[in-house]
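User: Please go through this model with me, one question at a time.

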Amino acid sequence: MKEFDFIRQYLLRRANDPEVLLGIGDDAAIVRPRPGFDLCFSSDMLLAGRHFFEDVDPADLAYKILAVNISDMAAMGAKPRWVLLSAALPVLDENWLGAFCNSLFHLAEEFNITLIGGDTTKGSYVFNVSIIGELPQNQALKRSGTKVGDDIWVSGHLGLAAAALNHHWEKIVLPPEVFKVCEQVRLRPIPRVALGQSLLSVASAAQDVSDGLAQDIGHILKASGVGAHIFADAIPTFSLLKDSVPPAVLYEYILAGGDDYELVFCAPQNKRDDVMAAARKSNTQVTCIGKITEGCNLLITDANGQVVVLDSLGFDHFG
């Protein structure tokens, strides 16, 4: 199979999207934004051996490379609309491509996303997705809006993906039933798009948890010029995982493990009812885990009030 045969057979799918004036097939795509909306742009690159195992199932791989980009839109409160996919592939294996593309388009259709372009080349597995979303003008969730006294919240459960990775790396051995749950979360994170949109008039700042909660909340603190106090034992995780690893290891996973793709967000205390209403509307669990404080430091304590010290705050591509 040749490059353009691959594009025509697997990627060229017509979508019923009135804002796409010209899709795959020309030198560039053309979209027409709706009046009254701002556009959000984001891009993520994933490399074999760095972000995923080379023997990963192609359906799981396709799901994740799109899901992690959708998560960026969720963190902004944006509705994901269009994506561009660039891929380096060592060979064009039709069975592999069929499973990959079917999964990719299945997730795209779930969120009404249209693939409008990209690029392909021969090489080691590398994928880059650029995603474009839209949201009502001047309503984006940013990192810079939180204030002293705000609550800190997270969605879902943290630490599961990190636990699964460490099981793969043979640093821990999880019981089979625990590994199964953690591995599913690692491979197929759920982008919190509905929650992000429901928080547009509620949250003061937001960020998706991709590199580790401690590191990612740090971006909010720096952008807003504030500090934070996080209560480690309030952070929600898988109950059976608590029984499978020592407390210090669990803290590392939930605070610095990363790969969670949940949302961490801040909101004024007087909007707690609104936060819970947004959670119910989006059918998403949310948990208050701390407060925004004066200064610029991040303080993490356990149930006994002791400071939790981490070896690392999160993932660093050049670390």
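Analyst: The end C-alpha atoms of residues 147-297 lie 14 Å apart, and the span is 42% helix and 19% strand; helices (H or I, at least four residues) and strands (E, at least two) are DSSP runs numbered from the N terminus. This is a predicted model, where local features need pLDDT of at least 70, side-chain atom pairs count only at pLDDT 80 or more, and totals for chains, interfaces and linings use all residues. Residues are numbered from 1 along each chain as its sequence is written, and side-chain values use heavy atoms, with hydrogens and water left out.

User: Is D27 buried or exposed?

Analyst: D27 lies in the loop between β1 (20-22) and β2 (30-31). Buried means under 20% relative accessible area, exposed over 50%, and partly exposed in between (1.4 Å probe, protein chains only). D27 has a relative accessible area of 86%, so D27 is exposed.

User: With the side chain of which residue does the side chain of S42 make a polar contact?

Analyst: S42 is found in strand β3 (residues 37-47). A polar contact is a pair of N or O atoms within 3.5 Å; within protein, one must be able to donate a hydrogen and the other to accept it, and residues adjacent in sequence count only if both atoms are side-chain atoms. At 3.1 Å, the partner of the S42 side chain is the side chain of D72.
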